Amino acid sequence: MKIIVAPDSFKGSVPAIQACDAIEKGILAVLPEANIVKLPIADGGEGTVDTFIAATASKKLQVKVTDPLEGKTDAVFAVTEDKTAIIEMAAASGLMLINPEDRNPLISTSYGTGELIKAALDYGCRKIIIGLGGSATNDGGAGLVQALGFSLKDKNGEELGFGGIELSNLCAIDCTKYDKRLDECEIIAACDVTNPLCGETGASAVFGPQKGADAEMIKKLDASLLHYSKIIENQMGIKVINMPGAGAAGGLAAGLIAFCNARIASGIEMILDTIQFDEYLDSADLVITGEGRIDYQSVFGKVPVGVAKRAMAYQVPVLAVVGGIGEGAEAVFNYGIDSIISIIDKPMALKEAMDNAAYLMKNTAERTMRTLLVGMNLKRHYIKKL
């Protein structure tokens, strides 16, 4: 039996690679002869670099960059054999780099992500894929473009400081000293949100609260991004305000589009294409995918549904192993997922579940395989009676 194990990470608990290993152990405990193909998957957020390294001949590089609060952090990115760079903006400008009590999108900066792009350019890469998940910033990518040599000036001709609130002081954009290697570069922003830059469904209103913004901060940040977009339109002739997806990663997508001629692509689809996922489906008997929680939002570009849609085209059944099952989860059954199995096997606190997630995954996979064998035996028994 050929089984593809292709989960996302269980956020804040188990990386996708570790989830693959745990599920594999559970399968082999029941089906020791199974042919297991482990493919950790990501959708452009956490784990994107590891996905490429696991599935392709990629090299991992580490550089020191500026973190969201202007400290320093070590960030990694991957480079494929054809010199395509794979970057997670969260590695340099991510929410997980800041203690919860210190999160403040008024001042957090995406400068470090720009430094990652520069490192990729220095390495000779001229195609860069940037996963936009997990942002701690709401600065419209201003820090990123400043790191790449663009100058954002206030009314006195001084360079803007860092953070989303500084955008309200923007008066002029100077493009004379940007890194000209960008002209030779294809940049793809991988994400699966369609939020615009501003408004009720924009970057600040929808994603600001998880980054530490209260109601008053959201108003200020939204106004700053609106002002930013008007300056970009007036001085660069690029209208980003209503572009679908421009609000991704605190508006970083808008900055990439305006200053780096980037295009937005579906994170999960691009990743599945890049690792040639469909080729693994040939002759597969079962796919096991999963993530920390599955609910009505999972149909909008999340890993389990992206994986299941591909498998459905090959008529391969799909099981989703998850931490929690939320409201509207049954919607995923229309997209190729055949069953959802929670790893929670008894009443437990969230912390206990997260601390023991790998162990729970292993046990869940083992129980699932035993149930699968029962079904196979029932089918053989039924056919024999006929």
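A salt bridge here is a side-chain nitrogen of Lys or Arg within 4 Å of a carboxyl oxygen of Asp or Glu. Everything below comes from a predicted model, where local features need pLDDT of at least 70, side-chain atom pairs count only at pLDDT 80 or more, and totals for chains, interfaces and linings use all residues. Residues are numbered from 1 along each chain as its sequence is written, and side-chain values use heavy atoms, leaving out hydrogens and water.

**View 1. Asp67 is a buried charge without a salt bridge.** Buried means under 20% relative accessible area (1.4 Å probe, protein chains only). Lys72 has the nearest side chain of opposite charge, 8.5 Å away; Lys and Arg count as positive, Asp and Glu as negative, with His and the chain ends not counted.

**View 2. Asp67 sits in the loop between β3 (58-66) and β4 (72-80).** Strands (E, at least two residues) and helices (H or I, at least four) are DSSP runs, numbered from the N terminus. The Asp67 side chain reaches the backbone nitrogen of Leu69 at 2.9 Å, and one of its polar atoms lies 3.0 Å from the backbone nitrogen of Glu70.

**View 3. β3 and β4 run antiparallel, joined by nine bridges.** Two strands pair if DSSP finds at least two bridges between them. Look for Val63, which stands opposite Ala75 in β4.

**View 4. Six strands make an open sheet in the order β3-β4-β5-β6-β9-β10, with mixed pairing.** At the edges, β3 and β10 (263-265) each have a single partner strand, so one side of each lacks a neighbour in the sheet.

Notes
Buried means under 20% relative accessible area, exposed over 50%, partly exposed in between (1.4 Å probe, protein chains only). A polar contact is a pair of N or O atoms within 3.5 Å; within protein, one must be able to donate a hydrogen and the other to accept it, and residues adjacent in sequence count only if both atoms are side-chain atoms.
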